[in-house]
Each structure stands twice: as C-alpha cells, then as structure tokens.
Amino acid sequence: GTTTTTTTTNNNNSNTIKTITLEIIDGPYKGKTHDLSPKLNTPCMVGRSTGRKYRNGGISLSLDSEVSTTHGKFEILSGKAYYTDTGSTN
C-alpha cells in the first residue's frame, strides 16, 4: 500500500511534533487514517504483523501483501518525526 503522512505540533507555538497522522492512499486499507504518538524509546511500529506492538500504538496492515511483516517504525526524536525502514523486503 501507499501512504502519506502529516505531523501535528503542540499548541505552545514551538515546532515540537506530538502526533503523526498516517493516511493510507492505496491498497486494501485505502482511505484509512491513523494517528500515531510515539513516546521516548517507544516507536510506533508499522507492518503486516498482528503482534501487540503493532495493534496497540502502531499499525497492523495484515491484509496488505505489499507491506513486510516488520516494515518500519515512526519515532519522534528531538521534536522531529522520523520514519525508519526496518528491513522491509518490499
């Protein structure tokens, strides 16, 4: 599937990102959005896995064959959002 992301900053005029909104724009989850709030040392995992860290706080895309079991992770580090591919094969 294909995704697009946006980020939301906090309300006190700083540029510190608090939330990452992920919109699925293709594949079996097309049209779905997910709001992610990664915590320090706890990234939001994305993949086809149905494990707890994907269901609770991450995104499980179990029906999307274009997504690897452990596809990637979203983190907020020093107030900026980062996506890291965790060895996906597709």
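Strands E6 and E7 run antiparallel to each other and are joined over six bridges. The model is a predicted one. Across this pairing, Phe 74 faces Tyr 83, which belongs to E7.

The E6-E7 pair is part of an open sheet of four strands, ordered E5-E4-E6-E7, with mixed pairing. E5 and E7 (80-85) are the edge strands; each has a single partner strand, so one side of each lacks a neighbour in the sheet. In general, the strands of a sheet pair through backbone hydrogen bonds, in either a parallel or an antiparallel way.

Nonpolar side chains tend to be buried together in soluble globular proteins.

The loop between strand E5 (59-60) and strand E6 (72-77) holds Asp 64. What is the nearest side chain of opposite charge to Asp 64? That side chain is Arg 48, at 7.2 Å. A salt bridge here requires a side-chain nitrogen of Lys or Arg within 4 Å of a carboxyl oxygen of Asp or Glu, and Asp 64 has none, although this residue is buried. A polar atom of the Asp 64 side chain does, however, lie 2.9 Å from the backbone nitrogen of Glu 66. That distance falls under the cut-off for a polar contact, a pair of N or O atoms within 3.5 Å.

Notes
Residues numbered from 1 in each chain as written. Predicted model: local features only at pLDDT ≥ 70, side-chain atom pairs only at ≥ 80, totals over all residues. Heavy atoms only, no water. Helix = DSSP H or I, 4+ residues; strand = E, 2+ residues; numbered from the N terminus. Buried < 20%, exposed > 50% of the residue type's maximum accessible area, 1.4 Å probe, protein only. Lys, Arg positive; Asp, Glu negative; His and termini not counted. Polar contact = N/O pair within 3.5 Å; in protein donor to acceptor, adjacent residues only side chain to side chain. Pairing = 2+ DSSP bridges.
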